Amino acid sequence: MAHAPASHTTVTLTVRGSEIIPGDLLAVRDWSAVEEIGSRRDGTTSLHVRDGGIRIVGDTREYTVRREITPAPSPSAVLAVGPCATDDDRANLDGFAFDVCDQLCVSAVPALHSSYNVRDFAALYVWGPVLGDDVVRKLDPVAAVLMAEALAYGVEVRPMLRPSECARCLACGQGQTVAKVVTKYGEAFCVDCRGDAAGCAWCGSDVVTNPVDVGGTWVPMCSPCEARHI
Ligand SMILES: [Zn+2]
Ligand SMILES: [Zn+2]
């Protein structure tokens with residue numbers, strides 16, 4: 001994906017149709033992120049795009065649109081699986097998906113039904129009992145189906161850390177409850193402090209990210225992208 005030049009101007013294009021949302025990338029001369037959309041009384045829509053190279057404004061021109069972030073999972077996204085039958089369950093599962101995104105710096109989808117294709121995800125992170133646990137606990141039917149599919153297709157299933165396994169990052173203090181990496185001296189460091197985070201899922205910049213809710217998926221995003229998204 002093209003990155004905006006360091007210095008750019010805001011250009012307003014006017015096109016017909018409204019199948020474009022903020023955050024879409026528009027192919028004009030290069031890919032440009034749509035920042036704002038306004039409706040006009042003549043039925044056309046004005047799009048504010050950052051790209052100093054745009055010169056021609058036409059209301060009948062066709063533009064190719066690419067949506068960079070949608071609720072559809074990205075290849076590195078993970079599925080957060082757990083009980084989801086009640087409102088409390090769903091709120092807890094959403095909180096767990098937030099933690100997964102926050103701690104691993106990857107997009108995390110809370111699994112609210114069993115119709116996901118588990119092969120779309122890099123791994124399943126499980127909140128609550130895991131299929132095959134010898135502990136006798138009732139498995140949520142949705143979670144059980146997804147875990148069984150993951151095992152069948154060879155998608156990794158990662159249980160939460162047990163309380164005794166949890167740690168804090170030695171550098172920044174972030175709780176490590178989802179997964180933990182320790183040095184040979186037994187010191188835990190978070191993904192960010194290890195320098196292993198992939199950066200902002202929206203613009204790709206290699207900076208500190210925070211989980212942002214994009215259509216029900218927790219997406220690691222930098223502060224400027226978060227401000228633009230909200
Ligand atoms: Zn840290
Ligand atoms: Zn960003």
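Author: Gladly! Of the 230 residues of the protein, 30% count as buried. Keep in mind that this is a predicted model. Four helices and 13 strands make up its list of elements.

Reader: How do you know how confident the predictor is in the protein?

Author: The pLDDT score tells us, on a scale from 0 to 100. Its mean for the protein is 77, and 65% of the residues reach 70 or more.

Reader: What makes Cys 105 count as buried?

Author: The cut-off is 20 or more other C-beta atoms within 10 Å. Cys 105 has 23 such neighbours, so it counts as buried. You will find Cys 105 in the loop between α1 and β7.

Reader: And what is the phi of Cys 105?

Author: It is near 60°, a positive value in a residue other than glycine.

Reader: Why is Gln 174 called partly exposed?

Author: A residue is buried at 20 or more C-beta neighbours and exposed at 12 or fewer. Gln 174 has 17 other C-beta atoms within 10 Å, so it is partly exposed. This residue lies in the loop between β10 and β11.

Reader: Which residues is Gln 174 in contact with, leaving aside its neighbours within four places in sequence?

Author: They are Gln 103, Arg 168, Cys 169 and Cys 190. As for Cys 193, it is 19 residues from Gln 174 in sequence and 9.7 Å away in space, C-alpha to C-alpha.

Reader: Which residues touch the most other members of the largest nonpolar core?

Author: Leu 79, Ala 80, Leu 124 and Leu 146 do, in a core of 46 residues. The elements that give two or more residues to this core are β6, α1, β7, β8, α2 and β13. The largest share, six residues, comes from α1.

Reader: How do you know which strands pair with β8?

Author: Two strands pair if there are at least two bridges between them. β6 and β8 have three bridges, in the parallel sense, and β8 and β9 have four, also parallel. Leu 79 stands opposite Leu 124 in β8, while Leu 124 stands opposite Val 157 in β9.

Reader: What is Leu 146 in contact with, leaving aside its neighbours within four places in sequence?

Author: Its partners are Leu 79, Val 81, Ala 111, Ser 114, Tyr 116, Val 118 and Leu 124. Across the protein, residues 24 or more positions apart account for 57% of the contacts with a separation of 6 or more.

Reader: How do you know that the span of α2 is close to the one expected?

Author: The expected span is 1.5 Å times one less than the number of residues. α2 has 13 residues, for which 18 Å is expected, and it reaches 18 Å from its first C-alpha to its last. Just after α2, Gly 154 takes a positive phi of about 75°.

Reader: Which residues of α2 are buried?

Author: Val 142, Ala 143, Leu 146, Met 147 and Ala 150 are. They cover an arc of only 125° around the axis, so they sit on the same side of α2. These buried residues pack against β6, β8 and β9. The face turned away from the buried side carries the exposed residues Pro 141 and Ala 152.

Reader: What makes β12 and β13 a pair?

Author: At least two bridges are needed, and β12 and β13 have five, in the antiparallel sense. Asn 210 stands opposite Met 221 in β13. The hairpin of β12 and β13 has two residues between the strands, and there Gly 215 takes a positive phi near 60°.

Key. Residues are numbered from 1 along each chain as its sequence is written. Chains are lettered from A and ligands numbered from 1 in the order in which they are written. This is a predicted model: local features need pLDDT of at least 70, side-chain atom pairs count only at pLDDT 80 or more; totals for chains, interfaces and linings use all residues. A nonpolar core is a set of buried Ala, Val, Leu, Ile, Met, Phe, Trp, Tyr and Cys residues joined through C-beta atoms within 7 Å. Two residues are in contact if their C-beta atoms, placed from the backbone, lie within 7 Å. The arc is that of the directions from the helix axis to the C-beta atoms.
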